[in-house]
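The following briefing concerns a single protein chain. Please consult the sequence and the coordinates alongside the text.

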Amino acid sequence: MRSMTLKLPVKGSDMAWTDACGLDDIDAEDLIRFDHGGGTYAIYHAPDGTFHATDGLCTHEKMTLCNGLVDRDTIECPKHNGRFNYRTGAALRAPVCVDLKRYAMRVVGGRVEIKLGQRHAQETNGCRFAGGKGQGSVDHAAAVHAGTSGGGRAGGN
Ligand code: FES
């Protein structure tokens, strides 16, 4: 009989951190698409130097956001011009009405890493404009600054 070792994630371990890009791979006030494990994510470089990550597909009709327009803290979907705050994930302008899921980020050794499998956004039930939550607040733990030296963990938990 064969024996099998089952590896379970250890809380607080680095197992969920995934290398996404280099610090210089995203211009300030821009984003890139990051595909991993069958998922599509968007990674943003905010004007203040922080990095943020959300699901990469619009919550309206699943258009990729990577060709969207970043303006300060917002991403505008290229298909119907719906708008989100990428720091909070909040849906800001119709036709989008469901928030984007967000992910923790960190900078290690000049690389930007995303923590997959653990979303920062609160789950929403249905459309935020139909009785959903309000604007939402910025979760500073979900952002990481480019100035963080190697090993910085601004986005971890
Ligand atoms: S697909 Fe994004 S606003 Fe419609």
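The notes below cover confidence, overall architecture, strand pairing, the nonpolar core and selected loop residues.

The structure is a predicted model, in which local features need pLDDT of at least 70, side-chain atom pairs count only at pLDDT 80 or more, and totals for chains, interfaces and linings use all residues. Residues are numbered from 1 along each chain as its sequence is written. The protein has zero helices and 11 strands, where helices (H or I, at least four residues) and strands (E, at least two) are DSSP runs numbered from the N terminus.

**Confidence**

- The average pLDDT of the protein is 78, and 65% of the residues score at least 70; pLDDT is the predictor's confidence in each residue, from 0 to 100.
- Residues 1-11 have a pLDDT below 50, and this stretch has three contacts in the model beyond near neighbours in sequence. Two residues are in contact if their C-beta atoms, placed from the backbone, lie within 7 Å.
- Over residues 148-157 the pLDDT also stays under 50, and here the model has 26 contacts beyond four places in sequence.
- Where pLDDT is low, the predicted coordinates should not be read in detail.

**Overall architecture**

- Along the sequence, the protein follows the pattern β-β-β-β-β-β-β-β-β-β-β.
- Of the 157 residues, 34% are buried. A residue is buried if 20 or more other C-beta atoms lie within 10 Å of its own, exposed if 12 or fewer, and partly exposed in between, with C-beta atoms placed from the backbone.
- Among contacts with a separation of 6 or more, 48% link residues 24 or more positions apart.

**Pairing around β4**

- Strand β4 (residues 50-55) is largely enclosed by the rest of the structure, because six of its six residues are buried.
- Strand β3 (residues 39-45) pairs with β4 in the antiparallel sense over five bridges; two strands pair if DSSP finds at least two bridges between them.
- Within this pairing, Ala-42 stands opposite Thr-54 in β4.
- The hairpin of β3 and β4 has four residues between the strands, and Gly-49 takes a positive phi near 95° there.
- β4 also pairs with strand β9 (residues 102-108), in the antiparallel sense and over two bridges. In that pairing Thr-54 stands opposite Arg-102 in β9.

**The sheet of β5 to β8**

- Four strands form an open sheet in the order β5-β6-β7-β8, with antiparallel pairing.
- Its edge strands are β5 (69-71) and β8 (91-93), each of which pairs on one side only.
- From one strand to the next the twist averages 30°, an angle between axes that are lines fitted to C-alpha atoms (for helices over the stretch in contact), taken from 0 to 180 degrees between N-to-C directions.
- Strand β6 (residues 74-76) and strand β7 (residues 83-85) run antiparallel and are joined by three bridges. Glu-76 stands opposite Arg-83 in β7.

**Nonpolar core**

- The largest nonpolar core has 28 residues, of which Ile-43, Tyr-44 and Ile-114 touch the most other members. Such a core is a set of buried Ala, Val, Leu, Ile, Met, Phe, Trp, Tyr and Cys residues joined through C-beta atoms within 7 Å.
- At least two residues of this core come from each of β2, β3, β4, β9 and β10 (111-119).
- Leaving aside residues up to four places away in sequence, Ile-43 touches several residues, including Ala-20, Phe-34, Phe-51, Ala-53, Val-112 and Ile-114.

**Loop residues and backbone geometry**

- Most residues other than glycine have a negative phi, and most peptide bonds are trans.
- Glu-29 is not a glycine but has a positive phi of about 60°. This residue is found in the loop between β1 and β2, and Glu-29 is partly exposed because 15 other C-beta atoms lie within 10 Å.
- Asp-24 is placed in the loop between β1 (17-22) and β2 (30-36). With 10 C-beta neighbours inside 10 Å, Asp-24 counts as exposed.
- The C-alpha atoms of Asp-24 and Arg-111 are separated by 9.0 Å, although the two residues are 87 residues apart along the chain.
- Arg-72, in the loop between β5 and β6, has a positive phi near 55°. Arg-72 is exposed, since 11 other C-beta atoms lie within 10 Å.
- Ala-94 and Pro-95 are joined by a cis peptide bond with omega about 15°, and Pro-95 lies in the loop between β8 and β9.
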